[in-house]
Amino acid sequence: MPEPIDNSRPIVDKPIGLSSVDTGTLIGLQPTAIRVEVCCSRGPAFFQMVGLAQTPVREARVRVTSALARLGVLLDEYAITVNLAPAAVRKSDAALDLAIAVGVLGAIGRLQAERLESVLLLGELSLDGGLQPVRGILPQLCGARERGMRQAIVPRANAREAGLVEGIEALLAESLADVVRHLELRESLQKAPRTPFQPERRQGAIDLCDVRGQATARRALEIAAAGGHNLLMLGPPGAGKTMLARRLPTILPLLSYAEALETTAIHSVAGLIDPARGVVCERPFRAPHHTITEQGLVGGGDSPRPGEISLSHNGVLFLDELLEYQRRVLDVLRQPLEDGNVTIARARGSAEFPARTLLVGAMNPCPCGYWGHPERRCRCSEAQRLRYRSRLSGPLLDRLDVHVTLPPVELVDLQRQAPGESSLVVRERVDRARRVQLERFEQGESSARTNSRLAPRELDRTPLEREARALMDRAVGRLGLSARAYGKVLCVARTIADLESESQVKDRHIAEALHCRLLDHAL
C-alpha cells in the first residue's frame with residue numbers, strides 16, 4: 001500500500017516567489033492588456049516563457065538576463081517561469097521586456113508587490129539595461145487610461161509621444177536601473193511634459209503658383225481639396241500631373257488636434273514617428289512605387305501593420321503611373337475607399353485601421369503616353385490601348401469622384417504665362433468651403449464632415465434648383481451613370497456650390513460636376 005500524502009507538509013521545501021505586472025500589446029491599433037505573471041523558485045536554473053510568445057518576446061529572456069546582470073542580479077540559481085496572459089493573444093512586441101524584468105525582480109523578492117499595482121510598464125531593453133523606444137506608445141497609453149490605470153513607465157525616448165495623453169501619469173526612464181530606483185522609492189522618475197501641438201503646412205518651396213496654365217486641372221484640384229474628393233488625372237508625360245498632385249497638400253486645411261492624434265497613432269504603430277517631435281503636425285502625403293504589393297498598400301502581416309492607404313489617413317495618397325500598378329493591387333482599394341477603413345483578417349484574429357484618404361491617381365492615355373497628342377505620334381495599336389486601360393476597373397473608376405484631362409503644355413506657354421494663384425489664396429477658399437460642411441455636420445444636417453462621404457439619404461435632401469434637377473435627369477439617361485456615379489456627381493456639385501457660398505445647387509454646378517465625370521466614357 002502506498003503511503004498517503006501528508007497535506008500538512010509542503011511538497012517542496014524551497015520557497016516559491018510569485019509576482020504579476022501590467023503591460024500591453026497592440027493588435028492593429030487596438031491596445032490589449034497583458035498580465036505578466038512570474039513564478040520563481042530556487043533549483044536547477046531555467047527561464048521558460050508561456051502564453052503564445054512570438055520570437056521577439058521569446059528573445060526577451062536573453063535581454064532580461066543581461067540587463068539584470070548589470071544590476072548585480074544573476075539568475076543562474078533560479079527556476080523562472082513567465083506566463084503572458086491572456087494566453088490566446090499572440091505577443092510579438094519587444095515592449096514587454098521591461099515588464100518581464102520587473103516581474104522577475106518582484107518574484108525573487110527585490111521589489112515589493114504592492115508597488116507594482118496599477119502601473120503600466122512598456123519598454124524594450126538593451127543588453128546593458130538601457131530602455132529603447134517602442135512603437136505605439138500613444139494608443140497603448142490611451143488604452144491603459146480607459147482601463148483605469150493611474151500610471152505608466154515608458155522609455156524617455158518616447159517622451160514627446162507620451163506627453164500627448166491626458167488622464168494618466170506617464171513617467172520617463174532611461175534604464176532598468178532608473179525604474180528599480182523609482183519602485184524602491186529611492187529616486188522618483190520625471191513625468192512626461194505636456195507636448196504642445198501646432199499644426200503645420202508641408203515645408204518646402206512647392207506652391208501652386210509654380211503651375212503655369214492648366215486652369216482646368218487647377219480647378220479640379222481645388223474641388224477635390226474642398227470636398228475631400230478622389231481625383232484622377234489623365235494626360236501625356238510632362239503635362240504636370242505629378243507637379244499638381246504634390247501641391248495638393250498645400251491647399252488642404254490644417255490638421256485638427258483630433259486628426260493629428262489619429263494620424264500619430266497610425267504612424268506610431270508603423271514605427272514612423274520622429275521621437276524628437278512625437279506628433280504628426282502636417283497632413284501625410286504618401287506616393288508608393290507602382291511595384292507595391294497588396295499587403296504594402298492596404299496593410300497586413302502576421303502582426304498586422306498599416307499599409308500606405310492607412311499611413312495617408314487624413315492626407316493624400318498619390319498613385320503615379322496608375323495603370324502600371326497590377327490590377328489586383330488597385331482593386332484592393334475599392335472597399336477602403338468606400339468605407340474609410342481597412343479590416344485585415346487573419347487566422348488568429350483581425351485588425352482594423354482607418355483609411356480616410358484623398359486618393360489622387362495619374363495616368364497616361366496609352367502605353368507610350370501620346371495618344372491624342374496634337375504633335376507627337378502615338379505608336380500604340382488600338383488593342384494595346386484597350387488592354388492598357390482595362391487595368392483600371394469600372395468599379396474603381398466609379399470611386400474616383402473628379403476626372404480631369406490635362407493637355408500638353410508648350411514651352412512657349414510656360415515662358416509667357418504669368419504664375420497662377422498661390423496656394424495661400426486657393427487654401428482660403430478651400431477652408432471656407434470646409435467650414436460650411438463642418439457647420440452642417442455640427443448642426444446635425446449631415447453625418448459627414450466632407451461632401452465626399454455624404455450618405456444617399458442626405459443626397460436626396462440636397463436642395464437642387466428645378467433646372468439643376470432637370471439637367472441631372474437628362475444626364476442620367478444620356479450618359480448611363482451608375483447609381484454610385486450619380487451620387488458622386490451630386491457630391492461634387494454640392495462642393496462646387498459650397499466653394500461659391502451657395503446654399504442651393506444650381507444647374508451650372510451640376511454641369512461642372514458632370515464635366516468632371518467625362519472620363520467614365522473616354523476610358
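Two strands pair if DSSP finds at least two bridges between them. Strands (E, at least two residues) and helices (H or I, at least four) are DSSP runs, numbered from the N terminus.

This is a predicted model: local features need pLDDT of at least 70, side-chain atom pairs count only at pLDDT 80 or more, and totals for chains, interfaces and linings use all residues. Residues are numbered from 1 along each chain as its sequence is written, and side-chain values use heavy atoms, without hydrogens and water.

**Exercise 1. Trace the open sheet and find the partner of Leu231.**

Step 1. Five strands run in the order β12-β15-β18-β11-β19, with parallel pairing.
Step 2. β12 (285-286) and β19 (402-405) are the edges; each pairs on one side only.
Step 3. β11 (residues 231-234) joins β18 (residues 358-363) through 4 bridges.
Step 4. Leu231 stands opposite Val360 in β18.

**Exercise 2. Find the ring under the charged end of Arg376.**

Step 1. The test: CZ of Arg or NZ of Lys within 6 Å of the ring centre and within 35 degrees of the ring normal.
Step 2. Arg376 sits over Tyr370, 4.2 Å from the ring centre.
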